[in-house]
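Hello,

Here is the structure I promised to pass on to you. Have a look at it first, and then read on for my notes on what turned up.

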Amino acid sequence: MRLSRRSLLATTTATLAASAATPAASAAAAQGRTGPTEGPTESGRAAPATGGRRLRTGFEQLAADGYAPLDGERVGVVTNPTGITRDVRHIVDVMHADDRVDLTAVFGPEHGFRGTAQAGGSEGRYDDPATGLPVYDTYLKSGRPLADVFTASGVDTVVFDIQDAGARFYTYIWTLYDCMEAAQLAGKRFVVLDRPNPVTGRAALGPVLHPEFATFVGRQPIAQAHGMTVAELARLFNAEFLTAPVRLETVRMSGWRRSDFYDASGLPWVPPSPNMPTPETALVYAGTCLFEGTNLSEGRGTTRPFELLGAEGIDGRWAAEANGLGLAGVRLREAYFAPTFSKFQGKTVGGVQLHVHDREAFDPVRTGVGLLVSAKRTWSGFAWRPDYWIDKLTGSERVRTMVDAGADTDEVVAGWREELAAFRQTRREYLLYR
């Protein structure tokens, strides 16, 4: 009998999946597709590592189950370079080589399926050179236009597998939302393959979006640091926000705990976008991305985006003022840098670098607010972006107007206490992991 390359790869994939899976893992995979809700924890204390515990992503569980949820379906995958296996093969390449999956299309988000575009860009429509599969562009499409893309692709089931960064304004979760809505309009089934929240799922933090400030960096009222995985968010979106629910199935991870940071996963890190190079970037991003709404550099064009912040004319007074706030788990170093692109391209600017020394205690949103407050106090050139982008990032006018009025960090943070408590209560119903 002659084996084609596709058949040979399919046999290898099946063997690897079977050797990785235990009976308990297979049972968990089957159970995870319907997702029994376990009690959540808002504890800030990390659980100790358990000997022998190994995380398996939603895709690993799917493969171990023989791709049963996709049997007989024409499948399209919404993904990007983060959709990889533990041995860094892309799931599209793996599924395309497996005769058990009828993979017929790929859908690329912002930055593109293969990740070649910068912020605010995509790769457009093309045929993938590696697989020959048609790649459709989802970026800036939603509602009926995106539903028409799904219809034109001919798929029966849309699968989502993208690594999130844990912040409301990271656009992939709104790609998830838009694709769920479009799949419902097109009469397609929707399957979410879960991956870890890299900054833990211990608690939701920060202000909740006010609906009148909805954009692609925040479609619906969730917290600035949501503390959820993409499968949990999909469950929440489906029940709370979609006008009509999509036929949703979630494939859970096994071996993930809410207290786990990304390095506990044992998974390789692939930058989800060009300016999210490391898990340490994700750790600070939910707070320091607020500087996109100011005239300061948020570190784009450096090797430490979102960890370096600055502008021309800033000196060591900002670091001293920020350190004086007593922000938990982080120290601010006076820093000077010259961005290679974006704000202040080619110019030397002064500012701060964040050094997180206790990530258990670190609160990225409170830290971001503290840095805004201290920057305005110590640098006379501080200004908001003229389009008040800060309001879209924080979800309302409140942070901007309070900082302008001279409020301190505690006063600004207290302003969202009640709305955050309400979101945390809603969130509990959709959590899948302890």
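Before the notes, one term: helices here are DSSP runs of H or I with at least four residues, numbered from the N terminus. Please also keep in mind that this is a predicted model.

**Cavities**

The largest cavity holds about 60 Å³ of space. Which helix gives the most to its lining? That is α6, spanning residues 172-186, which contributes four residues. The lining as a whole is made up of Thr138, Tyr139, Leu140, Lys141, Leu146, Trp174, Thr175, Asp178, Cys179, Phe216 and Arg219. Sorted by class, the lining of this largest cavity has six nonpolar, two polar and three charged residues.

One of those lining residues, Cys179, has a relative accessible area of 0%. Cys179 is therefore buried, since the cut-off for that word is under 20%.

The second largest cavity has a volume of about 50 Å³. Around this second cavity you will find Thr82, Ile84, Gln163, Arg195, Tyr262, Pro268, Trp269 and Val270. Its lining divides into five nonpolar residues, two polar ones and one charged.

**The largest pocket**

Now to the open space. What classes do the lining residues fall into? The lining of the largest pocket has 13 nonpolar, six polar and three charged residues.

On one flank, β11 is joined to β12 (residues 349-356) by eight bridges, and the two run antiparallel. Here Val330 stands opposite Val356 in β12. On the other flank, β10 and β12 pair over four bridges, also in the antiparallel sense. There, Leu309 faces Val352 of β12.

Within β10, Leu308 and Gly310 point one way, while Leu309 and Ala311 point the other way. Are these residues buried or exposed? All of them are buried.

**Loops and backbone**

With a relative accessibility of 7%, His111 counts as buried. Ser122 also has its place in the loop between β2 (102-108) and β3 (126-127), but at 28% relative accessibility Ser122 counts as partly exposed. Ser122 and Gly112 are 10 residues apart in sequence, and their C-alpha atoms are 4.7 Å apart in space.

Thr200 also has a positive phi of about 80 degrees without being a glycine. You will find Thr200 in the loop between β6 (189-193) and β7 (205-208), where its relative accessibility of 5% makes it count as buried.

One more loop residue is Ala264, which sits between β9 (247-251) and α8 (279-288). At 47% relative accessibility, Ala264 counts as partly exposed. Ala264 and Pro196 are 68 residues apart in sequence and 9.9 Å apart in space, C-alpha to C-alpha.

**Cysteines**

Last, a quick word on sulfur. How many disulfides does the structure hold? The number is zero. Besides Cys179, which is buried at 0%, Cys289 counts as buried too, with a relative accessibility of 1%.

Key: Residues numbered from 1 in each chain as written. Predicted model: local features only at pLDDT ≥ 70, side-chain atom pairs only at ≥ 80, totals over all residues. Heavy atoms only, no water. Nonpolar A, V, L, I, M, F, W, Y, C, P; charged D, E, K, R; others polar. Disulfide = S-S within 2.5 Å. Buried < 20%, exposed > 50% of the residue type's maximum accessible area, 1.4 Å probe, protein only. Pairing = 2+ DSSP bridges. 1 Å grid on protein atoms, 1.4 Å probe; cavity = no way out; pocket = protein on both sides within 12 Å on 5 of 7 lines; lining within 4 Å. Points joined across faces, edges and corners; volume = space filled by probe spheres on them.
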